[in-house]
Amino acid sequence: MTGTLRELWLFFRRDLSIARTYRTAFLFEAIEALFGVALFYYVARFVDSPQLRQTLPQRESYFAFSLIGFIFLDYLNAAIDSFDRSLMEARDSGTLEHLLVTQTSLPVILAGSAIYPFAASTLRIGVYIAWAAVLFGFPLGGANWLAVASVLLATLLAFSGLGILSASYLLLFKRGNPAKWFFLGLSSLAGGMLFPVSILPDWLQLVARLNPVTYALDAMRAALVGGAGFHAVWQPLLVLLLFAAVLLPLSMIVFGRALRRTKTNGTLMHR
Amino acid sequence: MNRIRFGTRVVPISCAFCSSSRLSSGRRHAISSQVPDAAISVEALQKSFPPARSGWRTLLQPFEKPTVFALGGITFEVAPCEAVALLGANGAGKSTLLRILATLILPTNGRARIAGYDAVRDPRAVRRHLGYHAGSDAGFYARLTCRENLRFFAGLNQISGAAAAQRITQLAEQFHLGESLDRQVRTLSSGTLQRLSLARALLHQPRVLLLDEPTRSLDAIGAAEFRRFLKTEILRRGETTLLFASHALSEIELLADRIAVIDAGRLLACGSLAELKQVTGAASLEDAFLRLTGRSHSVAAEGAPE
């Protein structure tokens, strides 16, 4: 286990060292986050009303509702996208086959490549929330940070499986992943990100109820804005963890088979 | 009957291949037994792309690309600390063979072993004993320094921090990388990159080194320096078994104890330069290669090595 942790740390340190060579990137991302937060603030000022707040799960402002939905989508995208983006970069830079001839196992290579993108996404969320709280009065006073962290972690675990499936698709078909874009598109529409699912037609509400993103977002809003503790978010957490328990092992099996197929076909390094 | 040394044994070789016509499979060398302590052992190795289908999947065959046979049942062994060159035209199967040994491609049939470990059944053990270097500039993190790259790959090969630092310093000295060690890889010349790549392949002190056209991306001077470097720093030390693919005949003559001539996925001959010349009646390696591959009447053929 110590050896595995050390290997995971190596991947994190590698990506951190690379990121440090782009010295101004963090500054520009922080500025981009500021513009993003300002955009949501002014859109919310334009549309917010007491009637609208009555339809929102925590009766919060539309600014808080929509911003949490937006940054959660960003996090979801990181969870799903990190694996195949890391894999594509490794393939295109020629490092993939050199990674595969080391003594480190494939699951560790895969997990290690996603750690930094996850950490960077978490940091980006922090920057968004910090701008929102400092400049635009985002209500952070009652947040239950432990519950927030638990929901984020469960979200990562739950959707990493989709990310690994996405990487498997990339291995086999080399470009794009319609399933990933379909899922992200569906979650944007029927996940309760920018509007409550209650305004959707019945059949889309059914889709939303089957979509774990809906549960994750509810839990996130409850913990961050409503200050809900574990007793209030345990159900969505359980759904996310069940999703992870099924999808993670399944995705590793699929990835192993996809890799075997590319090794059989000799297409590992093909673009 | 001529004899060519194969592994640590002497095996018979049909002198019929002295003729200019291409060898039929029935006239290839018959090598059956294994050398117990062979560093590399390849037995009846076959590879086809994409794999031939069986059962109901044959129904899909008409809709798939035609199967290409890259290796057609190759058998040979390399003794510890021996240097063997794979010589063949483009598409002969050299890289496929090396990539199977490096566990990057799965064979269709047959066996490939490194240090006694099967490349399919025990790939992790195989990787513990091999270093792999594909002769391109790619394969490093361009914005990291040489030291950071080497430290990363050392860690993935289970070399801990202090030992890795010591090994990197040792290799940097040996491979003349000292001044480049703290420079970003993107600033390095092709020659330095090749040496860095070789240093990476040797980080974990593998018993077997696989090189796929190691001087492919170097100019004439860089290639000559790299060959000299391989000769003095790797081969003369007598600790590493070397199997390398190359089109450069001068490189093969300088480095190889034995030369395996491959054509269309078949092993046509394997022996020392002198033996190949003797059995083909050729005056040079180029001539021997052309005779073995049946191209001696069309020397200008596009597949002939340089």
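Which handedness does the crossing of helix 6 of chain A and helix 7 of chain A have? The crossing is right-handed. The legends below take up this pair and other views of the predicted model.

Figure 1. Chain A contains 11 helices and 0 strands, giving the pattern α-α-α-α-α-α-α-α-α-α-α along the sequence. The C-alpha trace of chain A spans about 60 × 45 × 35 Å along its principal axes. For 271 residues, a compact globule would have a radius of gyration near 18 Å, and the 20 Å of chain A agrees with this. Of these 271 residues, 42% count as buried. Among contacts in chain A between residues at least 6 apart in sequence, 79% link residues at least 24 apart.

**Figure 2. Close-up of helix 6 and helix 7 of chain A.** The axes of helix 6 (residues 106-136) and helix 7 (residues 145-173) of chain A come within 12 Å and cross at roughly 130°. An angle over 145 degrees would count as roughly antiparallel and 65 to 115 as roughly perpendicular, so helix 6 and helix 7 of chain A are oblique to each other. Their crossing is right-handed. Helix 6 of chain A contributes L110(A), A114(A), F118(A) and T122(A) to the contact. From helix 7 of chain A come L152(A), L156(A), S160(A), G163(A), I164(A) and A167(A). By class, this contact has 7 nonpolar, 3 polar and no charged residues.

**Figure 3. Close-up of helix 7 and helix 10 of chain A.** The axes of helix 7 and helix 10 (residues 212-224) of chain A come within 8 Å, crossing at roughly 165°. Helix 7 and helix 10 of chain A are therefore roughly antiparallel to each other, and their crossing is left-handed. On helix 7 of chain A, the residues in contact are A147(A), V148(A), V151(A), T155(A) and A158(A). They meet P212(A), A216(A), A219(A), M220(A), A223(A) and L224(A) of helix 10 of chain A. The contact of helix 7 with helix 10 of chain A has 10 nonpolar, 1 polar and no charged residues.

**Figure 4. Close-up of the contact between chain A and chain B.** Chain B supplies 26 residues to the contact and chain A supplies 24 residues. On chain B, helix 2 (123-129) and helix 3 (146-156) each provide at least two residues of the side that touches chain A. Helix 3 of chain B gives the most to that side, with 5 residues. By class, the side of chain B that touches chain A comprises 15 nonpolar, 6 polar and 5 charged residues.

Notes. Residues numbered from 1 in each chain as written. Chains lettered and ligands numbered in written order. Predicted model: local features only at pLDDT ≥ 70, side-chain atom pairs only at ≥ 80, totals over all residues. Contact = placed C-beta atoms within 7 Å. Helix = DSSP H or I, 4+ residues; strand = E, 2+ residues; numbered from the N terminus. Nonpolar A, V, L, I, M, F, W, Y, C, P; charged D, E, K, R; others polar. Rg over C-alpha atoms; globule rule 2.2 N^0.38 Å. Buried ≥ 20, exposed ≤ 12 C-beta atoms within 10 Å, placed from the backbone. Axes fitted to C-alpha atoms, helices over the stretch in contact; angles between N-to-C directions. Parallel < 35°, antiparallel > 145°, perpendicular 65-115°, else oblique. Left-handed = near helix turned anticlockwise from the far one by under 90°.
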